[in-house]
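Open the model in your viewer and keep the selection tool ready. The stops below say what to select and what to look for.

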Amino acid sequence: MCRAVILPDDFQMRYAALTPWLLVVLNPIFYSFRRCPYAMRARLALRVSNVAYEHREVALKAKPIEMLAASPKGTVPVFCLPTGEVLEQSLDIMRWALKQNDVEAWLPRSPDAWAFTNEGIALNDGEFKAHLDRYKYPQRFGLTDGWQHRAQGAEILMRWQAHLQMQPFLSGHHWGLLDACVAPFVRQFARTDRAWFDSQPWPQLVLWLAAFENSEAFIAVMHKHSLWTPP
Ligand SMILES: N[C@@H](CCC(=O)N[C@@H](CS)C(=O)NCC(=O)O)C(=O)O
């Protein structure tokens, strides 16, 4: 359970219009893990939206029963709204947050921009994430090394490099949803062997990643929280 307030089952449907008012009096609860790239991108969107919420830092090896009761699938991030609605996907949390407040115009503004963003996120979360995991942890996948997957992940990064040669951000002229979704994963890829990453023929990608890692937003969302313990 997210909280002790008991709301009727059909509350969301009947009183959806009350959500902004409920948010004023009750903070949503956010279960997070600092190093998780999915949680990172959700934190980036929550921060820019300026929505108030209660941060609950969890250990993946000892997830609190409160989180598992709200979201039995057991992955972070999880976002529990005061209406009783539970968002269990980082992308849903990001879209929800930006729908509340998108002051920096992270959301795409045209159907074409949406299509490009959605395709890019699917590529990142699907193919790229699979290569990243196998490059970083080959033994977990019964591989002797991850070089093949590093090369395949690099092909995708070269596509980002091609975009960044034409525009400063993946989302266009300013940082947006696609950048925030992809950057935490590119960061993991880069950190596996930084010297190798920095010496590849993708100078714009290196600069884009460095700007992200040094940004106020990234530093803020990487704040170290103590583990949450139930009161
Ligand atoms: N599709 C999910 C993926 C979330 C995910 O896989 N999170 C990882 C941590 S980075 C997790 O919680 N894994 C469960 C575990 O390690 O026990 C999302 O976008 O939120």
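The tour goes from a sheet to a helix and then to a ligand.

This is a predicted model, in which local features need pLDDT of at least 70 and side-chain atom pairs count only at pLDDT 80 or more, while totals for chains, interfaces and linings use all residues. Residues are numbered from 1 along each chain as its sequence is written.

**The sheet**

Select the 4 strands, which form an open sheet in the order 2-1-3-4 with mixed pairing. Strands (E, at least two residues) and helices (H or I, at least four) are DSSP runs, numbered from the N terminus. Two strands pair if DSSP finds at least two bridges between them. At the edges are strand 2 (54-57) and strand 4 (86-87), each of which pairs on one side only. Now select strand 1 (residues 29-32): 4 bridges join it to strand 2, and the two run parallel. Ser 32 has Glu 57 in strand 2 as its bridge partner.

**Helix 10**

Next, select residues 203-213, which make up helix 10. Which of its residues are buried? They are Leu 205, Trp 208, Leu 209 and Phe 212. A buried residue has 20 or more other C-beta atoms within 10 Å of its own, an exposed one 12 or fewer, and a partly exposed one a count in between, with C-beta atoms placed from the backbone. Look down the axis of helix 10: the buried residues fall within an arc of 95° (taken from the directions from the helix axis to the C-beta atoms), so they line one face. On the other side, Pro 203, Leu 207 and Ala 210 are exposed.

**The ligand**

Finally, select the ligand. Residues around it include Phe 33, Tyr 38, Thr 75 and Gln 89; a residue counts as near if its C-beta atom, placed from the backbone, lies within 6 Å.
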